[in-house]
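Dear colleague,

Please find the structure below, followed by a short account of its contacts.

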Amino acid sequence: MRERAKPRVAVFKMASCDGCQLQLLDAEEALLELAGAIDIVNFAEASSHIEPGPYDVTLVEGSVSTPELEEQVKQIRDQSRVLITIGACATSGGVQALRNLADTEAFVRTVYPTPAYVKTLERSHPISDFVKVDYELTGCPIDRGELLGALSALLAGSAPRLSTSPVCVECKRRGYVCVVVARGEPCLGPVTRTGCGALCPAFGRGCYGCFGPSQPPNTEALAKRFIALGLTPKQAADKFRFITGWAPAFREAADRLERGPRSAKEGATP
Amino acid sequence: MRFLDHQGFERLLATLADDGYELVGPTVRDGAIVLDRIEGADDLPRGVGEEQGPGSYRLTSRGDGRYFAWAHGPDSAKRFLFPARELLARMRREGGAFAVETAPDERPIAFVGLRSCDLHAVAVQDRVFMHADPGYRRRREAAVFVGVDCAEPGATCFCASMGTGPRCTEGFDVALTELEGGFVVQAATPTGEALLARIETREATEAEVEAVAETERTAVAAMGRQMDEWDMPALLYRNRLHPRWKEVASRCLACGNCTSVCPTCFCHDIVDGVSLSGDVATRTREWASCFSEEYSWAAGAVVRASRESRYRQWLTHKFASWIDQFGTSGCVGCGRCITWCPVGIDVTEEVAAIRATDGEVEVVTS
């Protein structure tokens with residue numbers, strides 16, 4: 001039906017596990033339709049046939065954790081018309097951003113026999129720390145439906161619809177019974193962006209926040225609830241410091257819990 | 001009034017199923033009494049009870065043979081009459097035109113065991129959707145309602161003070177009151193009368209009729225909460241700058257659980273989708289919440305950016321501007337928003353707090 005040329009799409013990875021790229025490779029029946037709609041011209045995970053840029057749409061997975069990756073992501077940006085970062089690593093620094101709380105220098109000295117060969121950044125960064133990002137698909141891994149929806153929207157010439165509402169909205173649409181209310185289970189759903197289909201509550205488990213913070217979330221009120229459910233402030237802080245723990249809203253929530261109520265109060269009054 | 005024994009009750013459900021109705025009734029799933037498609041009386045939560053409080057719900061075992069000795073769980077008829085996600089249109093490109101595919105016919109629903117609060121909630125949603133929404137009207141007009149008087153209201157219930165229960169007074173085809181060994185039953189519509197005529201019942205005894213009244217008295221006395229509606233909607237309008245809004249916003253997660261479990265909340269979003277090939281387009285309606293920041297996104301900006309403004313919008317709409325808009329309160333006193341709030345915010349407490357310090361901040365209108 002379409003007369004115009006198929007958009008050229010590239011897929012890159014930084015520091016990551018490849019799980020988000022697999023959501024694309026794993027798209028099953030949608031793969032054929034996808035192949036008919038776009039030209040994937042650079043996707044090392046899928047094919048050794050690699051074409052140079054520029055690209056119409058570029059998907060980037062993974063966090064930026066070395067000077068080399070920092071340089072690479074800037075080059076990718078220069079070659080891309082629309083840049084979409086995919087997954088918790090690319091959008092918040094990922095679970096590897098837990099190292100941002102410790103002394104990277106000490107890790108390198110302890111782990112590697114010749115530390116001089118290791119060039120690393122002090123922190124694991126989301127890609128938006130270095131370049132302009134057009135759209136962010138969060139999640140660990142991303143949701144395949146959300147990825148295909150975003151690509152379909154771009155192909156049709158409209159902006160992808162990426163909801164900022166919390167997981168609860170989708171959890172209730174699907175008729176799942178609230179695990180906080182009916183089981184006393186700590187759940188990050190009220191402060192986490194929807195997109196996963198409320199996967200964990202569907203199996204009776206609390207959400208662990210892998211899609212990152214929702215609309216400006218009230219983490220303080222939820223933390224209070226966690227403590228009322230029997231968690232220590234440290235345990236509550238650890239709930240926020242996980243897959244997307246470096247996302248500012250979750251980082252601040254954990255910091256506040258670890259500082260304790262007294263200093264948190266002092267911090268609040270200027 | 002007639003009396004229906006347990007065998008007759010099973011026969012009632014079987015007759016509805018034989019007539020082609022999809023039975024929707026209470027059943028236990030994932031630690032709660034939910035509303036779902038059921039096969040018959042065996043799927044009902046017999047002998048099951050529950051304990052509810054702000055932000056807390058637990059099932060209990062009663063050890064008796066009662067089918068309906070519990071207060072409602074999170075679901076109401078809303079989930080079925082106004083589905084959480086409904087495909088409105090699906091269009092396929094064919095040649096130079098679009099072919100519109102229509103939704104397949106649905107079986108009519110027979111609701112079994114709705115409480116008076118939920119029957120009233122259907123009437124509230126009727127005012128929103130009946131004139132404007134063909135899908136809702138089709139499902140609503142085809143549905144049959146078997147109500148059951150509430151004998152065991154929950155700790156978060158306040159239907160008695162909202163005038164919507166606990167006894168079924170309207171909105172049903174057939175209503176039951178559960179007693180030892182069976183039900184006192186009455187029909188309120190030709191559909192209900194025709195249904196009862198096909199099932200074996202007997203004249204209810206004087207003692208059984210008295211037990212119906214007693215069930216209502218006991219339930220009213222056991223009601224966990226109350227709402228003082230006096231001076232609504234003016235109370236909330238003149239207190240729109242009350243400091244309580246900021247205070248409750250500090251506790252509110254803005255997660256939208258209250259609006260999702262509310263049997264009358266009707267906010268929704270229309271979502272358009274397109275296939276990768278560009279040959280199939282869909283238009284879907286899905287539940288949304290006024291607690292979502294994006295819900296008030298209009299013309300490039302969020303209109304209600306603070307949680308405070310969103311909580312105030314919800315509560316004020318429910319108890320005040322709903323009256324101006326639809327001629328009735330938007331609240332039926334079911335208390336679900338209290339039980340299913342993950343942090344246990346209690347609307348009866350919030351309204352009472354504002355009432356207690358009514359006029360603390362004066363609103364000057366010119």
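How many residue pairs are in polar contact between chain B and chain A? The count is 23 residue pairs, both at pLDDT 80 or more; a polar contact is a pair of N or O atoms within 3.5 Å, where within protein one must be able to donate a hydrogen and the other to accept it, and residues adjacent in sequence count only if both atoms are side-chain atoms.

This is a predicted model, in which local features need pLDDT of at least 70 and side-chain atom pairs count only at pLDDT 80 or more, while totals for chains, interfaces and linings use all residues. Residues are numbered from 1 along each chain as its sequence is written, chains are lettered from A and ligands numbered from 1 in the order written, and side-chain values use heavy atoms, without hydrogens and water.

Chain B gives 46 residues and chain A 40 residues to their contact (heavy atoms within 4.5 Å). About 3,300 Å² is buried between them, 51% of it from carbon and sulfur atoms (accessible area, 1.4 Å probe, lost on being put together, summed over both parts). There are four salt bridges between the two chains (a side-chain nitrogen of Lys or Arg within 4 Å of a carboxyl oxygen of Asp or Glu). B:Glu286 and A:Arg173 meet in a salt bridge at 3.4 Å, N to O.

Within chain B, about 3,500 Å² is buried between domain 1 and domain 2, with five salt bridges between these domains. B:Asp133 and B:Arg285 form a salt bridge at 2.4 Å, N to O.

Yours sincerely

Definitions and conventions: Buried area = accessible area lost by both parts, 1.4 Å probe.
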